[in-house]
Amino acid sequence: QVQLVESGGGLVQPGGSLRLSCAASGSIFSINDMGWYRQAPGKQRELVAEIISSGSTNYADSVKGRFTISNDSAKNTVYLQMNSLKPEDTAVYYCNADIIMYTGWRERTWGQGTQVTVSS
């Protein structure tokens with residue numbers, strides 16, 4: 001079984017920065033992609049950023065130029081550096097990963113979520 005554990009959320013003022021981390025653990029053979037999604041109250045969950053095994057990245061238009069996704073493949077960890085935060089970035093942020101386990105089973109897994117609140 002695979003587990004994703006997120007950390008780094010919190011309360012920050014507009015214009016501030018936060019860095020989220022997500023570590024995958026378990027019987028992991030390889031990771032195809034990892035990404036961050038967010039869900040604000042009353043809204044659907046949306047993709048924020050993703051990074052695939054080749055290193056290619058993809059961002060939502062609303063965060064381009066402000067957020068940066070990166071990973072440490074040796075640690076099975078993905079990061080989201082969030083700069084110039086805005087109140088509309090307030091949401092629960094979820095980590096997601098497409099993982100192949102040593103058994104050959106492929107699983108797309110979600111983390112438990114971490115709250116990010118941008119407010120003065």
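View 1. Arg108 has a relative accessible area of 44% and is partly exposed, a class that lies between buried, under 20% relative accessible area, and exposed, over 50%, as computed with a 1.4 Å probe on protein chains only. The model is predicted, so that local features need pLDDT of at least 70 and side-chain atom pairs count only at pLDDT 80 or more, whereas totals for chains, interfaces and linings use all residues. Residues are numbered from 1 along each chain as its sequence is written, and side-chain values use heavy atoms, with hydrogens and water left out. Arg108 forms a salt bridge with Asp98, with 3.6 Å between the closest N and O atoms; the term denotes a side-chain nitrogen of Lys or Arg within 4 Å of a carboxyl oxygen of Asp or Glu. Because Asp98 lies in strand E9 and Arg108 in strand E10 (residues 106-110), the pair ties together parts that are 10 residues apart in sequence, strands being DSSP runs of at least two residues, numbered from the N terminus.

View 2. Asp98 counts as buried at 4% relative accessibility, whereas Arg106, at 53%, counts as exposed. Salt bridges link Asp33, Asp98, Arg106 and Arg108 in a network.

**View 3. The salt bridge between Asp89 and Arg66.** The side chains of these two residues meet at 2.7 Å, N to O. The pair links distant parts of the chain, 23 residues apart, with Asp89 in the loop between strand E8 (77-82) and strand E9 (91-101) and Arg66 in the loop between strand E6 (57-59) and strand E7 (67-72). Both Asp89 and Arg66 are buried.

Definitions and conventions:
Helix = DSSP H or I, 4+ residues; strand = E, 2+ residues; numbered from the N terminus.
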